[in-house]
Amino acid sequence: MASLRILIVGGGGREHALAWKLGQSELVEKIYVAPGNGGTQGGKAVNVSIPADDFNQLRDFALQHHVNLVVPGPEQPLVDDIESVFRRVGIPVFGPSALAARMEGSKAFSKDFMARHQIPTAAFRTFPSSAYAEACAYVRSCGHRVVLKASGLAAGKGVLLPTTVEEALQGLEGIMVSRVFGAAGDEVVVEEFLTGPELSVLAFSDGYTVLPLPAAQDHKRISDGDLGPNTGGMGAYAPAPAATPQIMQRLLRESLEPTITGMRRDGYPFVGLLFTGFVLTDSGPKVLEYNVRFGDPETQALLLLLEADLAAVMLACVDRRLDAVKLAVKPGFAVSVVLAAKGYPGSYPKGDEITIGTLPGGAHVFHAGTALKGGKVVTAGGRVLAIAAHATTIEGALKLAYEGVEQVRFEGRTFRRDIAHRALSSEQPKSDGLTYAQAGVSIDAGNTLVELIKPLVKSTRRPGADGLIGGFGGVFDLKATGYSDPLLVAGTDGVGTKLRVALEVGKHDTVGIDLVAMSVNDLIVQGAEPLFFLDYYGCAKLDPQTAASVVKGIVDGCLDAGCTLVGGETAEMPSMYAGDDYDLAGFAVGAVERHLLLPRADIVPGDILLGLASSGVHSNGFSLIRKIVQLSGLSFSDPTPWDSSLTLGAELLKPTRIYIKQLLPAVRKGLIKGMSHITGGGFTENIPRVLPAGTGCTLDLSAWTRPRVFSFLSRVGNVSGPEMARTFNNGIGMVLVVDATHAEEAIESIKQAGEKEVYRIGRISSTPGVQLEHLEVWEL
């Protein structure tokens, strides 16, 4: 059912294309375009006579007309913080906050961001307008051709491409002294001129996921042959042949995903459409600049290729669920050809009548600088309109577009006749042959990691293993451990989406402890002593320092468990993982004397349940935890509501406790009948796994104090007590079954082995299942 009432802010060709595409959605009931142009009104769309910079009027109109999604078109409203105006009245905006919009609003800011996050870009220096002499000296001495960019917004025209040092010096004078770009030139970015095919990549993002549209190429110069002054854009086509699948993977892995991740970590997550310009240099793709909105004229072409429901995609972005969206794209090619007024990009006349004949099938007209006057459509801007077309081939799309151009008449119309000339010449980046590194896998990074972790791994040696790595397999001498009639017990596990929290916080040295704990705790519940451990680390791009931090945690976990790290696997798979994501798996093997294998068969009603404290949430339930954190409005860097000295991220990343050393002595004395490691499934699912058929247990929830993190999760997520007991450990990470007559002896043994407190939390009963007593204490 149509329920969306959308306000599009702006009046150019991009806004007309957005209104056209959004109008096709069954989700959309009404579209308001403020102020719109001579072509935006029609179908579901109506123009609203409110300027794009009058935020108060726009807000009041939106509230009066029950608008429930705002789509700013141009960059200026986004830079001027239109997002917060509507956010404060509860209307979502498909577009970034003012903080995030600085990526376009300040080229100096965006270049510093790229340098800080190691995103490939041109070498650069930034100069305030007061440092004119210093900027001139740099241009004279840098030794390479430069590009001059006014740091602020200049309507797409604040970039100069001098070919000589003298032209560069004249350009600096114009920007910094004569102030030809006004306040936009308060800072100037002087950067290295890059050579190679250029690409424009428009990508949707919800702050976490990034989904790119096909890469486009545009034409900035006014005249054929890429001659004349720069413009806002005279045409575009997509997909660009230079954007091979391999190139698109590199752009995503090396630039787009690190950008979205970096913005989120820096505290200004990007929601909306990120438009990134690239140059495909001989040394790889490099970012030219960021824009924080749909491009013009790229949008007019790209929306012809978009098969997905644009309104649904926008909603997924503002709802932070873009990972559930498939961005379907039509096969074939799309082009847009801009018709400009005579004199553009300089001064140009307005008010000339426009006539539009019958366009061929597959071609569309998108108005930009037009207005309705006396019932006629007249010119009202420099770029007047664009003809866009789609066909199965680039040649077919061009033919339709230029046939459409011939149907449009106005005085002094100006357009390029060579749109997509690069595609027609099959321009491709040169390569001297592929290497494994160019495919995204760095053998050198793997070797660096091995050298970093060798001393760490060696520290885990124990009888049976020497703690050395580098062979094809790990070797363990079972005979050296002294077992007489051993059974081997093996377990494997991971850390789950707790890794996502580690990535968000940027802390990786404790999840390795979690990895070890999840496997070795599953060995001790069967009475087994952990002997050795192996790990698997899979990632998109191997960062040796991050991986070494993870392995340090694994080593810490092995030392705590008393086992040796005999080997592992590091897999760099750019096509399987995204950005800086990684995944972990662990494998543990232990031994137990045959007569000590747990659980025992003599567990009976009346036996006592003992509980050992957890350190916190451990490593389960994080898909639910992350959803609750999102509902809370808190970030992982915010203090917890119960302890201002502890961040929420630090609380959630507390490593899973390892229970080996405190339990082995009691196991070897025969004091424990069975154990349950409380992981996913909580008490309800895990305790019955060790009980004989026909038995169950009662749990006294008042026997220990539940940590406040669980009360927070229950309250904010509205999670019931029984559901909490079925999902989380609630402060008890290990449950033991002991004979009632030996309970005190077992407690004493465990305490002597280092455990501070052992809780009596229940008893075995003859009623199957887990009965929760005193559930009301969790409601306090």
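The structure, a predicted model, holds 15 aromatic pairs, a pair being counted where the ring centres of Phe, Tyr or Trp (its six-membered ring) lie within 6.5 Å, with planes under 30 degrees apart taken as stacked, over 60 as edge-to-face and the rest as tilted. Among them is the pair of F127 and Y138, which is tilted because the planes stand at 50 degrees, with the ring centres 5.8 Å apart. F127 belongs to strand β5 (residues 124-128) and Y138 to helix α7 (residues 132-141), so this pair ties together parts that are 11 residues apart in sequence; helices (H or I, at least four residues) and strands (E, at least two) are DSSP runs, numbered from the N terminus. Both F127 and Y138 are buried, that is, under 20% relative accessible area, whereas exposed denotes over 50% and partly exposed the range in between (1.4 Å probe, protein chains only). The rings of Y402 and F415 have their planes at 45 degrees and their centres 6.4 Å apart, so this pair is tilted. Y402 lies in helix α12 (residues 394-405) and F415 in the loop between β23 (408-409) and α13 (421-424), so parts 13 residues apart in sequence are tied together. Y402 and F415 are likewise buried.

In helix α24 (residues 743-752), the buried residues are A743, A746, I747, S749 and I750. These residues fall within an arc of 165 degrees when seen down the axis of α24, so they line one face of the helix, the arc being that of the directions from the helix axis to the C-beta atoms. They pack against β28 (608-613), α20 (660-668), β33 (732-738) and β34 (758-765), with contact meaning heavy atoms within 4.5 Å. The face turned away from this buried side carries the exposed residues E744 and Q752, and just after α24, G754 takes a positive phi of about 120 degrees.

Over the protein chain, the secondary structure comes to 24 helices and 35 strands, and buried residues make up 55% of the 780 residues.

Residues are numbered from 1 along each chain as its sequence is written, and side-chain values use heavy atoms, with hydrogens and water left out. In this predicted model, local features need pLDDT of at least 70 and side-chain atom pairs count only at pLDDT 80 or more, while totals for chains, interfaces and linings use all residues.
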